[in-house]
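Please keep the sequence and the model in view while reading.

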Amino acid sequence: MSIGEMMAVGGSKAFALTDIGTGIERYKAVRAFTDKLCAPLTIEDYVVQSMPDASPIKWHISHVSWFFETFILAEKDKSYEPIDNQYAYLFNSYYVSAGERYTRADRGKISRPTVAEAKEYRAHVDRHMLNFLEGLSEAEWAELQPLLDIGLHHEQQHQELMMTDLKHMLSFNPLHPVYVEAPVKGSNGGVPAHEWIAYDEGIYEIGHKGEGDFFYDNEGPRHRVFLEPFALGSRLITNGEYLEFMEDGGYEKQLLWLSEGWYMAQNEGWQAPMYWAKENGRWHQHTLNGWREVDMKAPVSHVSYFEADAYARWAGGRLPTEAEWEVAATPLPIRGNFVESGHYHPVPLSGEAAKDKPAQMYGDVWEWTQSHYSPYPGYQPAPGAIGEYNGKFMSNQFVLRGGSCATSLTHIRPTYRNFFPTSARWQFMGFRLAKDLR
């Protein structure tokens with residue numbers, strides 16, 4: 001089953017592993033999509049690590065195989081033999097309970113195993129995984145299904161990281177290499193006017209219900225929140241609007257900035273979103289499709305929490321809370337510019353936005369919220385190494401919502417909580433405005 005067929009079957013929801021057959025097809029499809037994303041790469045593209053927060057593509061494709069090997073094959077398949085026992089050390093990431101790990105910042109220093117050997121490792125794991133899955137009884141499948149689901153969504157997360165890490169790596173090359181050629185998608189006419197959509201005060205429920213489609217543990221438990229009356233921007237902030245902030249001296253006006261953000265902007269020399277540079281008096285940006293003039297109608301991306309917050313203050317608004325975002329997003333269909341669209345870049349909003357519903361809530365860019373990444377009331381991480389997936393990162397991070405142009409459609413949902421430090425910029429990060437109505 002192809003990714004397109006999966007979307008046709010699953011609609012806008014995460015694909016459900018209802019039985020062994022769908023589980024096997026889902027496993028094949030997710031693994032094949034990783035290979036599809038790697039198809040345009042040269043051998044040299046696989047091995048570079050451009051910063052400590054990024055990883056070489058070779059490590060990504062090996063780590064997602066390590067996940068299945070470590071948590072499924074090694075634990076449940078008594079006949080399984082690792083292709084190399086040292087891979088458990090090289091390709092662990094942050095799972096302390098699973099054993100020792102190679103230093104993250106030094107992953108780009110490892111030339112062996114080769115790219116060919118990393119691909120053989122993937123093939124080795126795939127052969128054993130498929131044989132193992134095909135031999136399961138219904139009772140064994142019911143026990144394994146939640147763990148397989150985590151592994152597949154984990155691989156989709158790394159597919160997105162592959163795209164953003166690759167983009168960061170290619171940005172250092174003055175030849176402006178192209179990952180893939182893609183048509184420039186313009187908007188039909190102008191960008192729809194920025195409107196305010198009002199929401200009443202009240203008690204709302206947020207968080208995953210704990211049943212049905214896949215969800216991560218940090219999305220629950222479902223709980224009640226009280227919201228004061230608020231309004232949400234009808235669409236994402238565009239490059240053109242952000243340029244107005246820049247030209248009005250937004251990066252020089254200290255009073256717009258949080259103290260840490262001001263220090264960061266001054267220390268790092270921020271004067272524009274990441275990947276922007278002027279050429280012949282016009283703003284251009286590095287994209288996975290090559291060096292392009294900035295499309296002023298497209299959503300602004302690659303801005304930190306600090307930049308988004310400063311813009312919001314300059315514009316007379318604020319960033320939404322994650323509860324406000326989820327209340328607005330939950331009734332809406334999950335559609336937008338995802339990685340399956342093949343743009344690998346945010347695109348302008350097409351057509352007229354509905355007057356009573358916010359547009360661009362899904363895809364294009366992850367939306368910064370003003371919410372700290374903290375546990376929901378009653379949250380408990382899962383026991384063992386799988387419990388290290390989300391809970392231990394609940395400090396010094398802010399929540400982002402909605403997915404991006406590098407996210408899979410079948411990976412996102414209204415309750416999904418992404419999280420990054422306030423200074424992060426290399427992901428496809430943008431924002432919309434909110435304001436109080438009281």
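**Briefing: a sheet and its helices**

Strand 5 and strand 6 (residues 282-287) run antiparallel to each other and are joined over 4 bridges. The model is a predicted one. The points below treat the sheet, then a single helix, then a pair of helices.

- The open sheet consists of 3 strands in the order 5-6-7, with antiparallel pairing.
- Strand 5 (276-279) and strand 7 (290-293) form the edges; each has a single partner strand, so one side of each has no neighbour in the sheet.
- From one strand to the next, the twist averages 35°.

**Helix 2**

- Helix 2 (residues 20-38) has 19 residues, which at 1.5 Å a residue should span 27 Å; the C-alpha atoms at its ends are 27 Å apart, in agreement with that expectation.
- The N-terminal end of helix 2 is capped by Asp19, which places a side-chain oxygen 3.0 Å from the backbone nitrogen of Gly21.

**Helix 7 against helix 9**

- Helix 7 (residues 239-247) packs with helix 9 (residues 305-314) at an angle of about 80°, and their axes are 11 Å apart.
- Because angles of 65 to 115 degrees count as roughly perpendicular, helix 7 and helix 9 are described as roughly perpendicular to each other.
- On the helix 7 side, the contact involves Glu241, Tyr242, Glu244 and Phe245, which meet Glu307, Ala310, Tyr311 and Trp314 of helix 9.
- The residues of this contact comprise 5 nonpolar, no polar and 3 charged.

Key: Residues numbered from 1 in each chain as written. Predicted model: local features only at pLDDT ≥ 70, side-chain atom pairs only at ≥ 80, totals over all residues. Heavy atoms only, no water. Pairing = 2+ DSSP bridges. Helix = DSSP H or I, 4+ residues; strand = E, 2+ residues; numbered from the N terminus. Axes fitted to C-alpha atoms, helices over the stretch in contact; angles between N-to-C directions. Expected span 1.5 Å × (residues − 1). Polar contact = N/O pair within 3.5 Å; in protein donor to acceptor, adjacent residues only side chain to side chain. Parallel < 35°, antiparallel > 145°, perpendicular 65-115°, else oblique. Contact = heavy atoms within 4.5 Å. Nonpolar A, V, L, I, M, F, W, Y, C, P; charged D, E, K, R; others polar.
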